[in-house]
Amino acid sequence: MENTLLCVLLFQPRATLRISPQGLLYSVDTVTLQCDIPDYTDWTYYWYINNQPGYSTHGKTITISLPDQAGQYQCLGTRTDRPQKSQLSKALSIQLTALPTASVSISPQGLLYSGETVSMQCDISMYTDWTYSWYIGNNLDSSTPGKTITTLSNRAGQYRCVGVRTSRPQWSQFSVFLPIRVTDYQPSTTLTSDKEDVFTGDRVTLSCTVESPGWKFYWYRHRLDFTPVTTTSGYSYTLSWVSVSDGGQYWCRAGRGDPVYYTQYSDPVQIHVTGKPKAVLRISPQWLNPGDSVALNCKVDKTSTGWRFSWYRTVPYRAGIPSLSDKSYSLQPLSDNGTSEDSYTLIPAGPTPTGGYVCRGGRGDPVYYTHYSEPQFLWSGDLQPSVFLRISPNTTQHFTSMSL
């Protein structure tokens, strides 16, 4: 009987590499790698990092800390009996995801004052279930579930925050340091008015300036007390239609934060309110000879500046165009725009410009106008009569019973 050679081929077991935890990995994580090889248990495990032999272990798991040991991992097993070696596992790449970023914002911003209340907010780019830890320098100051803390500005220092949560990622990155700088003096305010002289029906704007941002403004009239006339978020306060009763002294101050931190009061500004001004027109010459030019000169009857002047000729009353209050006649503008000069030269051409002329002043935006001037009349100096009077009967003596 012939000898029969029985040949049995043994296949190398394949190693499989697994990682825990799975999903996104962060720089603060510690991960466990496990090398699984089927059938036998008496393996010695060899670990490869970035295609280079690393180290061997008798257990099938290794624990590594990130990010120092991030890279591409493989494993295989060896044993003394056959099969003496497993196949190399597929490569497992360990890649890191950046931790959510933390940033600190402060309110109010800019220069801070001793005793002022300051709010700092820690904003983290992902997730909402953070516990926020605050550090002054490298020392833990407090931890809170809320993203905002309030402190006094006299706790100056370098502030930063970090977030912690129970789920992964369990940490955020630390924010950069935010310095709190404090000055010891109380800030001052400066109050100004946009007009020196104010007339009834005019508008006046008060401006309150302070050297740093983020303030609300408080406005006071007649006396300094704890009840302002009004409060504005902007630095200006406008009286839109002033009356004589709006005159007097005004002050302002600014405040910010909760509780409110106040600046010093400003120096007062005095507002004088007077009867609306009237324009006064003069014509030179009033008797016009052929070839003459005429100068119209307009003045405002109260001492004030900044006026622009408009010039008009009187025409028979027509609805829809400017007229004087009694509607005895309408006003036809001599030019489209007002002039900053208080005089206007009229150069007659064609028929003589005999008739009435009026001016008025305006200033500001929207424009505040004076009263119209009283009409002034321009007369022709041509002595040639254009109208003849005839009396019939042509006699010097008439009786009451006669017709004339």
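Asparagine 50 is located in the loop between S4 and S5; here strands (E, at least two residues) and helices (H or I, at least four) are DSSP runs, numbered from the N terminus. The model is a predicted one, in which local features need pLDDT of at least 70 and side-chain atom pairs count only at pLDDT 80 or more, whereas totals for chains, interfaces and linings use all residues. Residues are numbered from 1 along each chain as its sequence is written, and side-chain values use heavy atoms, with hydrogens and water left out.

Strand S4 covers residues 44-49 and strand S5 covers residues 52-57; the two pair in the antiparallel sense over four bridges, where pairing requires that DSSP finds at least two bridges between two strands. Together, S4 and S5 form a hairpin with two residues between them. Isoleucine 49 stands opposite glutamine 52 in S5. In the turn, asparagine 50 has a positive phi of about 55°, although this residue is not a glycine. Asparagine 50 is partly exposed, with a relative accessible area of 43%; buried means under 20% relative accessible area, exposed over 50%, and partly exposed in between, for a 1.4 Å probe and protein chains only.

## A positive phi at tyrosine 127

Tyrosine 127 is not a glycine, yet has a positive phi of about 70°. The residue is placed in the loop between strand S12 (117-124) and strand S13 (131-136). Tyrosine 127 is partly exposed, with a relative accessible area of 37%.

The peptide bond from arginine 82 to proline 83 is cis, with omega near -5°. Proline 83 belongs to the loop between strand S7 (71-78) and strand S8 (92-94).

Arginine 168 and proline 169 are likewise joined by a cis peptide bond, for which omega is about -5°. The loop that holds proline 169 runs between strand S16 (157-164) and strand S17 (178-180).

## The S19-S20-S23 sheet

Three strands in the order S19-S20-S23 make up an open sheet with antiparallel pairing. Its edge strands are strand S19 (190-193) and strand S23 (236-239), each of which pairs on one side only. Neighbouring strands of this sheet are turned by 15° against each other on average, direction ignored; axes are lines fitted to C-alpha atoms, for helices over the stretch in contact, and angles run from 0 to 180 degrees between N-to-C directions.

S19 and strand S20 (residues 204-209) run antiparallel and are joined by four bridges. Threonine 192 has serine 207 in S20 as its bridge partner.
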